[in-house]
Amino acid sequence: MKEMTAEGNTGRTGRTAVFFLVAALLLLLLFWFSVNTGSLPITPRELYLGLFVRYDQNVAAVWDLRFPRILIAMLGGAALSVSGVLFQACMRNPIADPGIIGISAGAGFASALTTALFPSLYFFLPIFSFAGGIAACVLVYLLAFRNGLNPLRIILVGVAVNAVFTGLMQAFTAMSGGNLSGVAGIANAGITQKTWEDVFLLAGYAVLGLTLSWMLFYQCDLLLLSDQTAEGLGLNVTAARIAVSLVAVVLASSAAAELGVVSFLGLIVPHIARLLVGSRHKILIPFSALGGALLLLLADTIGRRIAFPHEIPAAILLSIVGGPLLILLIRRSDKSYGI
């Protein structure tokens with residue numbers, strides 16, 4: 001029996017390693033394909049020479065315009081996907097997603113206000129975005145709490161909170177006359193005109209949040225159990241739920257500050273990841289980060305090519321795919337989540 005168990009664990013570990021390797025290779029290939037998507041295609045040799053040997057105007061343009069956009073898509077995708085994993089754990093809800101339950105909308109609204117009213121505070125934008133995300137998260141928990149947290153009630157309240165903050169952001173954008181490009185970019189979830197400053201700004205918060213999220217993998221595993229069972233195993237459920245929620249808000253808010261409101265990414269990727277590598281958060285969190293980076297970059301690249309020279313925002317493409325998936329998940333929700 002022990003030998004069979006050991007063989008089974010070895011087999012699962014091997015399959016997991018293969019999935020990680022395949023996802024990483026696909027991300028590298030997509031990265032290169034995205035670099036060459038546009039009016040200035042370049043060869044690997046031209047890129048190498050332009051970066052390390054001599055100045056090349058085309059390579060300089062690609063470096064300043066495409067590379068920041070690609071890296072922001074990857075960082076933001078990883079942050080949103082892991083945020084979805086964390087919310088699904090602490091809310092015990094398979095369809096919890098920062099873009100559906102209002103966290104991203106609250107963060108985006110705070111970012112839009114800061115961008116329009118206090119542009120000099122640009123480098124503190126993720127902090128204001130975090131405040132907006134926290135406000136939305138607290139609202140969802142408070143309004144959904146009634147003799148405990150019911151997963152279905154959380155989603156219904158979250159949808160309402162999301163609608164309120166989205167409406168406020170769109171109204172603010174309309175009142176600005178569309179003249180504030182930064183506000184419009186947040187409202188429309190655009191990744192255009194990003195710079196290396198945006199990359200560095202997002203990278204600091206995203207890397208911090210991703211690191212903290214992996215450190216909380218054990219708490220996430222226990223939060224999927226009932227509160228009584230988790231407490232019996234020595235977990236302070238309230239403290240764990242607050243800690244996991246705060247890290248999830250950090251990830252969602254930092255992404256919203258740069259990407260705007262992107263829905264369904266934190267819903268799609270975790271479910272695909274669970275099918276491939278299982279539900280242990282020690283593996284699920286890093287694989288979801290890799291998958292989120294891959295999926296958002298794929299959506300952004302397709303959006304740039306499908307109607308060239310015009311662009312379709314990645315958020316729209318993800319909504320087209322995520323909407324039907326949400327309906328399917330609601331119809332087939334696992335009873336262990338309480339729905």
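This is a predicted model: local features need pLDDT of at least 70, side-chain atom pairs count only at pLDDT 80 or more; totals for chains, interfaces and linings use all residues.
1. The largest nonpolar core holds 88 residues, and the members that touch the most others are Leu86, Phe87, Met91, Ile103 and Leu259. Helix α3, spanning residues 57-90, supplies the largest share of this core, with 16 residues.

2. Setting aside residues up to four places away in sequence, Leu86 touches Ser213, Cys220, Val244, Val247, Ala248, Leu251 and Ile285.

3. Helix α3 also pairs with helix α13, which covers residues 281-305; their axes come within 7 Å and cross at roughly 135°. Angles over 145 degrees would count as roughly antiparallel and 65 to 115 as roughly perpendicular, so α3 is oblique to α13. The crossing of α3 past α13 is right-handed. Sorted by class, the residues in this contact are 14 nonpolar, six polar and four charged.

4. A second pair is formed by helix α5 (residues 125-144) and helix α6 (residues 151-175), which pack with axes 9 Å apart at an angle of about 140°. The two helices, α5 and α6, are therefore oblique to each other. Here α5 passes α6 in a right-handed crossing.

5. The residues behind the α5 and α6 contact can be listed by helix. From α5 come Ala136, Leu139, Val140, Leu143 and Ala144, while α6 contributes Arg153, Ile154, Val157, Gly158, Val161 and Phe165. By class, this contact of α5 with α6 consists of nine nonpolar residues, one polar and one charged.

Conventions. Residues are numbered from 1 along each chain as its sequence is written. Side-chain values use heavy atoms; hydrogens and water are left out. A nonpolar core is a set of buried Ala, Val, Leu, Ile, Met, Phe, Trp, Tyr and Cys residues joined through side-chain atoms within 4.5 Å. Buried means under 20% relative accessible area, exposed over 50%, partly exposed in between (1.4 Å probe, protein chains only). Helices (H or I, at least four residues) and strands (E, at least two) are DSSP runs, numbered from the N terminus. Contact means heavy atoms within 4.5 Å. Axes are lines fitted to C-alpha atoms, for helices over the stretch in contact, and angles run from 0 to 180 degrees between N-to-C directions. Angles under 35 degrees count as roughly parallel, over 145 as roughly antiparallel, 65 to 115 as roughly perpendicular and the rest as oblique. A crossing is left-handed if the near helix is turned anticlockwise from the far one by less than a right angle, and right-handed if clockwise. Ala, Val, Leu, Ile, Met, Phe, Trp, Tyr, Cys and Pro count as nonpolar, Asp, Glu, Lys and Arg as charged, and the others, Gly among them, as polar.
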